[in-house]
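Colleague: I have the coordinates open and would like to learn how to read them feature by feature. Could you walk me through it?

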Amino acid sequence: MQLLELSKKYGIAVITISLFLILSLTTEGFFTERNIRNLLDQQSTILIAASFMTIVIISGNFDISISAIFVVAPLFALNIENATGNILLSVIGGVSLGVILGSFNALVVTYFKVNSFIATLATSFMFFGFGYLISDRSLMRPVTDSYQQIARTKFLDITSATWIAIIVVILASILLTRTRFGRNVFATGGNQEAARLAGINVPQVQAITFILLGAAAALAGIVNSSRSISAQPSDDFSFVFAVLTAVIVGGTSIMGGKGAIWRTVAAAFFLAFMNNGFNLLQVDPLWQRIILGLVIVIAVALDSWSQRKNV
Amino acid sequence: MGRLNITEKNTKALVTFQNVSKSFGATKALIDCNVDFKKGEIHSLVGENGAGKSTLGKIILGAYKLDSGKTYVDGEEVSINSPGQAVKIGLVGISQELSLLSSRTVVDNIAMGREITSGMFVSSKKTKEKVLSVMKHFNLFVNPDAIVGSLSVAEQQKVEILRALNSNARLIVFDEPTARLASNETEQLHSLVKSLADNGTTIVYISHFLDEVLTISNRVTLLRNGKLIRTNLAKDETKKSLIEGMTGKEEGNLFPSIKLIDESSETVLKVENLTRKNEYQDISFEIKKGEIVGLAGLVGSGRSELAHTIFGDKKPDNGAISFCGKKITQSKVSNSINLGMAMVPESRRTQGLFLARSLIENISLPYLGKFLSIYGLDKKQERNTVNEICNKTTVKHSGIDFEVQYLSGGNQQKILFARAAMGKPKLLIADEPTRGVDIGAKKSIYELIAKLSDVGESVLLVSSEIEEIIGMSNRVLVMSRGRLSAQLIGTDINKKTIMEAAFKYN
């Protein structure tokens, strides 16, 4: 039992570090300053959203709509930037839109009691639609040079995108592990009825998790658009799958009530190292897909296997 | 409850186990047991939690594989490897938590997996006819077209029994079948079980209720710590002999002495004309400081609903609740907790605990406000407080960071008491606080309740176990069909008065 517990808790860290060491020793071009810095930079948007996605999943819900928020928020931010030329205002505007859309998800899930998976699938289409609406169906570019500095400013040789991700991850971790709200999240996802009888306002806790995730997804979208110096309306769901993969491979239970942000972070890097390693070793992308899928299956199977053990 | 006319059955054994053992990891659940179940007998298994009775039940049903030992059915050696195989042989179980499809009809449930087909299609007509003929044969009727979810627990249990009979069961294992039944329903179940046995079905009956076991069984098998202590005729056992056999020691007094309450003590809770439509009406009573008030009544009489309303989890349609002299205007659990109420809910697994979380998180959850600092939660202070509380409430554990799912039922129940004790409540509402825990844990929970009353905390004890109500209460309230049918004190508190009041409006 204890071995199982330990491996559940630290397994992903051990695997990630091992993969890192193996790639460093065997693969040319992996352990170079540039490659590592690139990896960090590339993972930043996923990490920003995945930390708060972890919280939503622990509280017993899902949020599919972060893809749409990831698409629509930078379009809104660029609208503001195009109109005013003010970067701060555009970032605040974009994140606020994330808060509003997150609140809408929260309303549908907690007030109308719609299953969160279905609810956020439905709102995704609405949000994607808004994207086309506010961008006039076309690619948008910033008018100022400073918009790209949101993600590209270097501090201590590391990009601001990476710094933003580090700060968001730390904030989310503190929120989850060191505050009353965090405990309420675990309680809500672990046993709603018991949480209610312990005096926890369950709908409120769940609503806050959706709103925070909405803001985080918007921030991730803005960072992404700053990096690519453009934003484009689309119906692209791929962002949420990348985020979910990190959360689930990190061992956060899709049943709710269990999980940790640092494990999500470890899993995100594990997946990034794997991907990077394959590229450096010039493995056919075909095999990359198959192996990625297999890794997810193993992670989820391990989770449900350990749940069964606990009956 | 008089003893039914039951004697030893001189029939052949249907199932025989020889030297069977079963371990789960390091835990030996069953050690070298020899037992047989005769055709048409009612054979009870008794023992404390963890004694191995449910394990033995599940082995009969093929849910667990034996580590060693032999199984004989009708004198022939077999090995039962799966529940499916057990059903084929005719060994079927009725579980504690019923396993029915609640949105399907009674017929669908009874015929599940045994629908009659014509060609490749299910013939609903023939299937229903078959089900009706089974009902007729055993003289056991449930509306065949009713949706199972709309039926009472007792009716649902009948559906499960019918399902077993429809699959030509020769042996039925009942695991705590009466834990969720009211006492009139319990008696109906007993006569049903008896008639099944008379028809030749073997009954394996697992129960915590020793009176029940002694009333209906032909033979009783007593287990302790995985060992089979003895198999005996029920008529040769008494409640005392069974308890001594289960615990392995002489029975002391189960209930601690309860402090008398001074008439002039201050009133902690006052409930006036409380009404919730279709649940209960016009309930008025008071609880004094340090008083233990028992709330008795049949399941469905509105007891739990009343308790949840007082705790702020449900909103009353009418009436008023005053707590410590102040009227409660808002039905909100967090509000009630802040005012000094605490609750040990009826079902610890579904309403009480976060099984996958640690003791510390389970215990401190409603009272995290006490540990707030500018750096977030003060975990050191939290640990100290929780450790202290665990000692006070005699929770046995191997560290407060362990997940509560690894604790025994009795200790899990004590976690809920520890949580309540964190708030130093003025009123504790305990709903079925000893359900499903063994006698040792029961005793220490009673002591905990008595200790609370000693330090001036009041307790509202909601319970289906009349003995518990009689043994623990200063005063007893009885509910019948949503109305308060009696308030009993002193020598008026006995089985007869309580039962009469419980059936008053039925």
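Modeller: Let's begin with helix 17 (residues 495–502) of chain B, which lies across strand 15, strand 23 and strand 24 of chain B. It runs at about 30° to strand 23 of chain B. Helices here are DSSP runs of H or I with at least four residues, strands are runs of E with at least two, and both are numbered from the N terminus. Axes are lines fitted to C-alpha atoms, for helices over the stretch in contact, and angles run from 0 to 180 degrees between N-to-C directions. As for contact, two residues have it if their C-beta atoms, placed from the backbone, lie within 7 Å. Bear in mind that this is a predicted model, in which local features need pLDDT of at least 70 and side-chain atom pairs count only at pLDDT 80 or more, while totals for chains, interfaces and linings use all residues. Residues are numbered from 1 along each chain as its sequence is written, with chains lettered from A and ligands numbered from 1 in the order in which they are written.

Colleague: How do I read the sheet under that helix, and in what order do its strands come?

Modeller: Strands of a sheet pair through backbone hydrogen bonds, either parallel or antiparallel. The cut-off for pairing is at least two DSSP bridges between two strands. In chain B, six strands form an open sheet in the order 18-21-22-15-23-24, with mixed pairing. Strand 18 (341–344) and strand 24 (483–489) of chain B are the edges, each pairing on one side only. On average, neighbouring strands of this sheet are turned by 20° against each other, direction ignored.

Colleague: Which pair in it could I check by hand, and how many bridges does that pair have?

Modeller: Take strand 23 (residues 475–480) and strand 24 of chain B, which run antiparallel and are joined by six bridges. Find Val476(B): its bridge partner in strand 24 of chain B is Leu488(B). Helix 15 (residues 439–454) of chain B packs on this sheet too, touching strand 15, strand 21 (427–431) and strand 22 (458–462) of chain B. Its direction makes about 145° with that of strand 22 of chain B.

Colleague: And where does a hairpin show up in chain B?

Modeller: Look at strand 13 (residues 267–276) and strand 14 (residues 280–288) of chain B, antiparallel and joined by six bridges. Arg276(B) stands opposite Tyr280(B) in strand 14 of chain B. Three residues lie between the strands of the hairpin, and Asn278(B) takes a positive phi near 65°. Strand 13 of chain B also runs antiparallel to strand 16 (residues 318–323) of chain B, with five bridges; there Lys270(B) has Ser322(B) as its bridge partner.

Colleague: How many residues of helix 1 of chain B are buried?

Modeller: Seven of the eight residues of helix 1 (residues 53–60) of chain B are buried, so this helix is largely enclosed by the rest of the structure. Among them are Lys53(B), Leu56(B) and Ile60(B). Gly62(B), with a positive phi near 75°, follows helix 1 of chain B.

Colleague: What about chain A: how many helices and strands does it have?

Modeller: Chain A has 13 helices and two strands. Of its 311 residues, 48% count as buried. A buried example is Ala266(A), with 23 other C-beta atoms within 10 Å, in helix 12 (residues 261–280) of chain A. Ala266(A) and Ile12(A) are 254 residues apart in sequence and 6.5 Å apart in space, C-alpha to C-alpha.

Colleague: Last one: how many residues does each chain bring to the contact?

Modeller: Chain A brings 19 residues and chain B 22 residues. Helix 8 of chain A gives the most to the side of chain A that touches chain B, with five residues.

Conventions. A residue is buried if 20 or more other C-beta atoms lie within 10 Å of its own, exposed if 12 or fewer, and partly exposed in between; C-beta atoms are placed from the backbone.
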